[in-house]
Number of protein chains: 2
Amino acid sequence: MSIIRKTKPVQLILKQFNNKGDAISAIELIEKFKKNMDKTTVYRILDRLEDAEIIHSFIDQDGLKRYAKDNKKIHSNNDLKHHPHFLCEDCGISSCLPVTISIPSIPDYTIKRAEHLFTGICKDCV
Amino acid sequence: MSIIRKTKPVQLILKQFNNKGDAISAIELIEKFKKNMDKTTVYRILDRLEDAEIIHSFIDQDGLKRYAKDNKKIHSNNDLKHHPHFLCEDCGISSCLPVTISIPSIPDYTIKRAEHLFTGICKDCV
DNA sequence: TAAGTAATGCAACCAAATTGCAATAATTTT
DNA sequence: AAAATTATTGCAATTTGGTTGCATTACTTA
């Protein structure tokens, strides 16, 4: 699985993630590329890119799936794996924050995955 | 707003939250009470209970809205406001963990809300 | 117990996401 | 470089979680 061919739609979406490091929702991408490709294609490309660990996804407070480019600094070692995602209430721009959240150890619980979502006002909207 | 009458549907749902402290998804409740009430009613009761701060909600990793009873110990003071939610991969049971996550302060960012989602294996599924 | 109004059920609707399938376009093989 | 292979796409239809409008029902209170 997850062999990715360099089709035009794939290149368009990849370029999008390379240009800006923001976390983009699937619907934003569908809207942006509606003349270039079908929404099904957008969803499937995102799935494949996630499989290939080129991007990662999370669900935001509104239940929308968002995707962001995988960042080596953030994802390479275990320490930095648990980084928070931030969503600005004002401009709606979402981003990965380059800080580590320490996971508390809870007796008898095995934590495999953690997702931290912050909502507030970003530096450009003060 | 948010005056809550003790109708039969409301009592059923309240009993559900009083019995078990788990975080229940709206669809679980709809399924469970499908012979007792309409799904619209479930959604509207949940909204009202949340308004009245009897329960609180969050979106889980699958994008499902989940609700749990508000816990005074967890919600009374600001320190304990940011408690994580845990979802067991195995049994699917979700719960509020009574621990505090410290929010890192990020320069130029104002964090208003935080949501922490852990996925893993719970104590009953080891 | 009658009036006022909150709450419910039903049907229709909506948006995000998924699926099946035939057509198309990257690759790979020759 | 053409043919064969198979990943990828577009389109239409479907699914799912959730919402809305409205007439009817049932709490509450006076």
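Me: Which residue in strand 6 of chain B is the bridge partner of A:Phe118?
Reply: B:Ala114 is the bridge partner of A:Phe118. Strands here are DSSP runs of E, at least two residues, numbered from the N terminus, and helices are runs of H or I, at least four residues.
Me: How many bridges join strand 6 of chain A to strand 6 of chain B?
Reply: Eleven, and the two strands run antiparallel. Strands count as paired if DSSP finds at least two bridges between them.
Me: What about the conventions?
Reply: This is a predicted model, where local features need pLDDT of at least 70 and side-chain atom pairs count only at pLDDT 80 or more, while totals for chains, interfaces and linings use all residues. Residues are numbered from 1 along each chain as its sequence is written, chains are lettered from A and ligands numbered from 1 in the order in which they are written, and side-chain values use heavy atoms, with hydrogens and water left out.
Me: Back to chain A. How do strand 4 and strand 6 of chain A run, parallel or antiparallel?
Reply: Parallel, joined by five bridges. A:His85 stands opposite A:Leu117 in strand 6 of chain A.
Me: Which residues have the most contacts inside the largest nonpolar core?
Reply: A:Phe86, A:Phe118 and B:Phe86, in a core of 18 residues. A nonpolar core is a set of buried Ala, Val, Leu, Ile, Met, Phe, Trp, Tyr and Cys residues joined through side-chain atoms within 4.5 Å; buried means under 20% relative accessible area (1.4 Å probe, protein chains only).
Me: Which elements give two or more residues to this core?
Reply: Strand 4 (84-88) and strand 6 (110-121) of chain A, with strand 4 (85-88) and strand 6 (110-121) of chain B.
Me: What does B:Phe86 contact?
Reply: Leaving aside neighbours within four places in sequence, the contacts (heavy atoms within 4.5 Å) of B:Phe86 include A:Tyr109, A:Thr110 and A:Ile111, and also B:Phe118.
Me: New topic: what rotation superposes chain B on chain A?
Reply: 178°, with 0.0 Å of shift along its axis and an RMSD of 0.3 Å.

How values were computed: Buried < 20%, exposed > 50% of the residue type's maximum accessible area, 1.4 Å probe, protein only. Least-squares fit on C-alpha atoms with pLDDT ≥ 70 in both.
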